[in-house]
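Please look at the sequence and the model, and then go through the questions below.

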Amino acid sequence: MILKRVPKIYIVILLFLVPVLIGSRYFINNKQVDFNAEVKPLINKKCISCHGGVKRQSGFSLLFRQEALAVNKSGKVAIIPGDAENSEMIKRLYLTDPEERMPYKHPPLSNDEISLLKKWINQGAKWGDHWAYVPVEETPIPSVGVGPFGLFGKPSWIKNNIDPFIYKKIKAEGLTPASIADKPTLLRRVSFDIIGMPAPEAIAKKYLQNNNEDAYEILVNELLATPQYGEKWAGLWMDMARYADTRGFEKDDSRTIWRYRDWLINAFNVDKPYNIFLTEQLAGDLLPNPTDAQYIATAFHRNTLTNDEGGTDNEEFRTAAVIDRVNTTWVSLMGTTFACVQCHSHPYDPFKHEEYYKFLALFNNTRDEDTYAEYPFLKEFHNTDSIRLFQLQDWLHKNAPSREKDLMRFIKTGQTAINSLVADQIINGALADTKWLMLRNKGEARIKDIDLTGSTLLYYKYKSWKPGGKWEIHLDSAKGPLLKNIVVENSKGDWKIATTAIPTTIGKHHLVFIYNNRQINNPDENGIQYDWLRLDNPFPKNGTPEGELAYNNFDSLLHSNNYTPTPIMLDNPSNMSRTTHIFERGNWLVKGKVVVPDVPASLGGLPAGAPKNRLGMAMWLTDKKNPLTARTIVNRIWEQLFGQGITETLEDFGTQGIAPTHEELLNYLSWQLMNTHQWSLKKMIKEMVMSATYQQDSKFNKDAITKDPYNKLYARGPRVRLSAEQIRDQALTVSGLLSNKMNGPSVYPYQPEGIWKSPYNGAKWILSTDGDQYRRALYTFWKRSAPYPSMLSFDGTSREVCAARRIRTNTPLQALNSLNDSVYIEAAQHFAKRVIKMVPQNASKQISKAYELAFNKTISPDQQKVFEKLYQTALTRYKQDSFRIEQITGNKNGDASSAALMMVTTAIINTDEFLTKN
Amino acid sequence: MSKRSNKNIIQEANLQTSHQITRKYFFKECFSGIGAMALGSMVGGCDWLGSKDRLDQFVNSNPLMAQAPHFIGKAKSVIYLHMAGAPSQLELFDYKPELLKLDGQDCPQSLLEGKKFAFIRGVPKMLGPQAIFKQRGQSGAWISDNLPHLATVADEISFLKAVQTDQFNHGPAQLLMHTGSARLGRPSIGAWATYGLGSENSNLPGFVVLTSGGNNPDAGKSVWGNGFLPSVYQGVQCRSEGDPVLFLKDPAGIDRDLRKASIDAINEANQLTYNEFKDPETIARMAQYEMAFKMQISVPDVMNINDEPAYIHEMYGTQPGTTSFANNVLLARKLVEKGVRFVQLFDWGWDSHGTDVKNAVDIGLVNKCRSIDKPITALLLDLKQRGLLDETLVVWGGEFGRTPMQENRDGKTLPFKGRDHHTEAFTTWMAGGGIKQGTSFGETDEIGYSAISGKVTAHDMQATILNQLGFDHEKLVYPFQGRSFRLTDVHGRVINEIVA
């Protein structure tokens with residue numbers, strides 16, 4: 001940096017000169033107009049609704065410079081750089097005829113606004129790049145010296161590099177930063193922020209007893225190392241991934257996808273670098289030799305909805321899922337609202353309509369097709385089948401290496417297979433429930449464009465109900481050459497996988513099925529129902545003893561049901577790949593021109609050598625030159641810690657989003673994440689919580705209320721209500737009920753009757769037992785059409801689409817929830833029991849103990865008084881109405897004093913102090 | 001503790017807090033931006049730097065406090081009766097004698113080409129009306145014998161005979177009807193109305209949902225969700241079994257006095273927290289605990305129909321202690337009477353495919369009609385006699401219509417007479433709340449297949465409902481994901497033909 005080499009004294013002299021310069025007319029006239037700060041907001045407000053990405057009245061658009069400088073429909077040029085007087089745009093601002101004067105049918109621009117535009121054009125009409133679309137560069141730390149001219153060291157308040165950015169603005173606004181919060185407050189704050197719940201007792205105790213300088217840093221390190229850390233941050237990510245345990249829409253049946261949740265927990269815990277974390281979720285399946293975990297990571301984008309409602313168009317909902325993947329990728333990973341580009345070019349930001357579909361093309365080639373089974377999924381085999389799998393792989397590796405990859409993929413994912421729901425031209429049959437091809441006697445159907453080259457064996461999964469079925473496959477038409485005549489074995493109504501040899505055939509053909517069964521007399525009776533077909537070749541070393549042995553493993557794995565499925569992403573092989581069209585006005589039925597996969601030009605193209613698929617997209621997204629990825633996650637982490645983002649609109653960094661309060665800090669942190677911290681989120685979090693800014697006391701002083709009620713300047717610590725998950729986890733922790741069990745299928749804690757009532761779905765909420773009812777909130781079964789009530793009342797989202805942030809509310813339903821939900825009543829009961837165990841006698845001491853357990857600090861005399869009064873009122877009442885004691889304590893041998901203490905613990909659980917991160 | 005002291009504390013809390021809460025709300029919304037544009041859109045701008053004088057203008061704008069709409073609306077509240085599953089217009093309101101003549105004949109190819117149906121495959125047969133129609137009242141509206149009671153109040157109603165949708169599956173079509181979008185994630189119309197108008201009764205939620213028929217609607221709770229609006233605007237489902245509102249009832253072992261004592265203690269402790277931190281959110285929380293305490297009385301009170309006079313039970317056909325559409329209709333009347341802004345009823349079981357007796361258009365549908373006929377008629381009469389019909393908009397409808405063809409699921413003949421989902425024309429109606437009396441708008445062709453005039457969409461109905469409440473549907477917006485969203489998206493026209 002050049003400035004660094006200039007002696008400070010010259011800077012001081014320069015500073016004295018500035019007012020002189022500002023005073024001169026010369027300086028003002030030659031000041032460069034800042035496009036982003038001055039011109040773009042004016043254009044966005046006054047011009048762009050008619051001359052932008054959506055509408056281009058008279059062929060004029062101000063979105064891109066190239067377009068704005070072009071000749072319009074009128075034959076005139078709106079903007080001539082360097083010549084405002086002759087620029088049609090300026091002329092139009094002065095006219096008197098209301099039909100001609102711009103803005104059309106709106107008040108004219110002010111003289112100041114017009115002269116700004118003129119000056120800008122005369123200076124060359126330069127388009128500036130929006131801050132968020134400029135790659136992150138290294139940002140110098142502001143100097144915030146104290147004393148005359150700032151030459152004498154830094155303020156003692158400053159603890160790390162974050163603080164000067166904050167301090168500078170605080171000072172400029174005439175505020176003073178707050179002092180560091182007391183230890184118990186800081187302990188509670190940093191515990192919720194890092195692990196989402198109160199710190200484990202041992203860690204808390206160690207911190208409170210350690211009076212050394214490094215006590216806080218040790219605490220932070222220990223919290224970051226706990227397994228609960230991964231649970232807290234996985235919970236955040238699940239909102240973005242729209243994670244749920246059901247599929248959505250009418251039936252809203254269950255979905256087994258919890259291994260993805262467990263993958264997240266582990267990824268956070270091992271501090272998987274964020275660039276790899278994203279790559280695996282977006283394109284884990286496309287990495288060389290992907291591991292099971294990398295496949296499971298791709299479930300990120302299998303959290304889209306599947307529609308099982310009878311009569312729905314599978315292609316419509318497949319398309320809807322792909323669109324959702326595009327929108328979610330942008331809004332959650334790149335803080336950009338891309339959804340509007342689905343119908344037209346972005347109204348404000350530099351994204352063209354066509355670019356939406358180029359990006360969509362990157363996602364449009366996956367195997368999932370809204371099937372009922374949610375193919376493709378990864379099977380995790382259990383018990384002996386996991387050993388068989390190992391043996392099979394080992395054998396294939398040694399004996400048939402050329403077939404290993406393909407056969408293992410078939411066994412583990414069932415792919416590549418052709419889903420029968422793609423059938424068309426169906427006669428005497430139907431798509432049963434619109435999900436499976438079903439043929440009756442003399443039924444016919446076609447499966448289009450199947451590449452038969454190199455295949456001599458056909459696998460098919462089907463069910464039938466009667467013997468005697470004959471299935472013919474013809475090529476290209478019902479009268480075309482017969483490929484195969486198959487006698488269908490009666491599966492007696494069960495799904496069955498069978499094989500048949502087929503003759504060698506070259507090229508792509510339509511497969512036309514004809515089904516006959518003389519034993520079926522009723523014309524309405526179903527004959528055969530197909531699930532999928534697969535073209536393959538005989539198993540290696542077929543017919544040899546060792547081949548037979550390996551085949552046995554293969555065959556039993558193929559038929560095994562002893563596995564946990566996780567829906568994953570897998571691409572179509574090249575002979576099945578889809579072409580992507582633009583959807584005119586966003587309507588999937590109105591297909592426009594064909595597009596090839598790519599990323600938007602305005603954010604830099606794909607990195608050199610990147611393939612044009614999801615993997616290439618992930619490489620581009622995690623490239624250090626991508627301006628949005630690091631900024632988005634840094635901003636999101638900041639929001640988790642401080643209650644609001646540096647850019648408040650976490651979901652929109654575009655020109656219509658809210659500008660960052662501390663743009664340089666955001667740039668600095670983004671640079672840190674990618675370079676200094678090598679994409680380590682733990683290191684990023686640590687840097688933030690080690691700042692003085694974070695550690696401040698959160699009390700509002702008078703200045704705060706008048707000058708900065710929303711703490712945009714951070715002259716005090718964050719104070720926000722806890723999240724739905726944190727409120728539950730905290731109550732279970734202080735009561736001692738919390739189960740530390742991690743991972744596994746989702747659980748069913750107490751929920752009132754009658755919440756689940758989906759049509760055509762008999763699923764019931766059955767209360768979990770053996771401690772599973774006391775698991776952390778993130779393990780609660782999440783049903784999209786009826787989410788867990790306390791999640792909803794404390795601002796959880798329904799997880800139907802990506803929720804880039806939660807909006808906090810404060811409602812009476814929340815009060816009722818934490819007062820009366822059985823979860824909280826039980827927590828209060830156990831909390832009271834825990835206190836009595838520690839302090840058997842003396843109500844005063846019990847109350848102060850309860851408070852201490854909740855907050856790790858000593859109760860104030862005033863608070864003690866409040867709770868003692870409640871205790872006495874309750875004690876008197878329970879002595880009178882002793883029949884209520886068992887009702888409230890849940891204990892036959894309970895006495896009035898334990899009931900009274902339970903009223904106190906209920907009250908503590910409901911205090912603002914308890915529900916808020918102070 | 002006496003009732004008096006309760007009241008005093010509540011009043012005190014309200015007085016003491018309203019200033020600060022609302023100030024806080026304004027601060028928050030203006031400074032945080034999320035509501036800045038929203039408020040701005042409704043009240044004409046919100047200064048980013050927030051001058052003190054301007055803040056005082058908004059002292060009364062807590063999120064649920066009653067607010068003025070864009071103009072003076074004729075309706076103060078809405079009762080929306082949704083027949084989930086989609087009732088057959090051809091057996092209720094859209095009389096097609098020509099269709100009777102074609103009964104049993106093959107459906108002409110011209111009606112099938114290029115069309116998609118949920119279940120009809122191949123060539124279905126035409127199915128004549130399975131009910132007897134008569135003209136009713138002065139207006140001469142055609143109403144079938146399936147709804148004999150409703151026939152007597154025909155002159156109160158404006159029918160929309162040519163409603164269209166582009167969604168032929170229940171879930172998406174219901175979403176479109178209630179959220180303006182067939183995909184999940186948008187706020188429902190009740191949430192929009194509450195967001196725009198607030199609530200007139202601070203002891204009750206502004207937007208209440210009641211369901212009957214054994215299932216929730218196909219689209220789940222999203223049809224009364226808040227979408228991207230703050231969750232305070234979501235519909236509160238009041239239930240007829242268990243707690244009317246979730247977690248309303250105190251646990252056994254805590255009586256009212258003890259509950260009072262515990263809320264007092266919580267709020268005294270909160271006052272101490274406030275004294276220390278001076279965070280206005282703490283004051284807001286104290287008010288919400290007081291409100292919760294009040295709701296524990298006011299909600300069961302309004303949800304209790306036992307004390308209604310016998311003639312009311314007779315009129316509505318209600319039976320206390322059961323879950324029924326009739327009970328829900330009576331509750332809807334009680335709720336709007338108490339100032340609840342939007343009451344949404346869903347009655348499940350109208351999907352008349354003909355796959356079994358319950359959904360046969362000539363059997364199951366008749367029974368469903370019987371269960372709604374008396375209560376809906378009673379609702380219109382009861383609102384009228386109370387002078388509430390003028391200010392209460394009643395809307396009736398399903399999510400789409402049903403085909404003039406008999407359903408032949410998977411190309412087979414079904415055991416009962418039924419009709420498939422139909423998007424091109426169906427009937428809904430509105431009454432009260434500034435809607436014309438005794439009119440009909442829109443026409444279908446002679447077999448009820450296509451709309452030929454007066455076509456309207458879900459967005460048009462939504463625009464009309466908002467219009468009756470005093471909103472320009474194009475201006476009631478909320479910024480989300482970079483743009484201003486509105487209920488009607490980029491569509492919608494107020495159906496002035498039925499507005500009085």
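The questions and answers that follow concern a predicted model.

Q: How do you know how much confidence the predictor places in chain A?
A: On the predictor's scale from 0 to 100, the mean pLDDT of chain A is 90, and 95% of its residues reach 70 or more. Two stretches stand at the other end of that scale: pLDDT stays under 50 over residues 1-6 of chain A, for which the model has 2 contacts beyond four places in sequence, and pLDDT also stays under 50 over residues 11-28 of chain A, with 4 such contacts.

Q: Why is D433(A) called partly exposed?
A: A residue counts as buried with 20 or more other C-beta atoms within 10 Å and as exposed with 12 or fewer; D433(A) has 17, and is therefore partly exposed. D433(A) belongs to the loop between β3 (424-432) and β4 (436-451) of chain A, and its C-alpha atom is separated by 36 Å from that of S793(A), 360 residues apart along the chain.

Q: What makes the buried residues of α11(A) line one face of the helix?
A: The buried residues in helix α11 (residues 215-225) of chain A include Y216(A), L219(A), V220(A) and L223(A). Seen down the axis of α11(A), the buried residues fall within an arc of 95°, so they line one face of the helix.

Q: Which helices do the buried residues of α11(A) pack against?
A: Those buried residues pack against four helices of chain A, namely α9 (183-195), α10 (201-209), α12 (228-240) and α24 (681-689).

Q: Which residues touch the most other members of the largest nonpolar core?
A: In this core of 320 residues, they are L870(A), V904(A) and A332(B). Helix α9 (residues 280-302) of chain B contributes the largest share of the core, 11 residues. Apart from this core lies another, of 30 residues, with L452(A), Y462(A), I473(A) and V512(A) among them.

Q: How do you know what L870(A) touches beyond its neighbours in sequence?
A: Contact requires C-beta atoms within 7 Å, and, with residues up to four places away in sequence left out, L870(A) touches M903(A), V904(A) and A907(A) in chain A as well as A261(B), S262(B) and A265(B) in chain B.

Q: What makes up the side of chain A that touches chain B?
A: The contact takes 78 residues from chain A and 69 residues from chain B. On the side of chain A, α32(A) gives the most, with 9 residues, and by class that side has 30 nonpolar, 26 polar and 22 charged residues.

Q: How do you know which domains of chain B are in contact, and through how many residues?
A: The domain assignment gives domain 1 (3-62 + 244-297) and domain 2 (77-240 + 303-498) in chain B, and 8 residues of domain 1 are in contact with 11 residues of domain 2. On the side of domain 1, α2 (36-43) and α9 of chain B each supply at least two residues, and by class this side has 6 nonpolar, 1 polar and 1 charged residues.

Q: What share of the residues of chain B count as buried?
A: Of its 500 residues, 61% count as buried, in a chain with 13 helices and 17 strands.

Definitions and conventions. Residues are numbered from 1 along each chain as its sequence is written. Chains are lettered from A and ligands numbered from 1 in the order in which they are written. This is a predicted model: local features need pLDDT of at least 70, side-chain atom pairs count only at pLDDT 80 or more; totals for chains, interfaces and linings use all residues. A nonpolar core is a set of buried Ala, Val, Leu, Ile, Met, Phe, Trp, Tyr and Cys residues joined through C-beta atoms within 7 Å. The arc is that of the directions from the helix axis to the C-beta atoms. Ala, Val, Leu, Ile, Met, Phe, Trp, Tyr, Cys and Pro count as nonpolar, Asp, Glu, Lys and Arg as charged, and the others, Gly among them, as polar. Domain bounds come from an automatic or database domain assignment.
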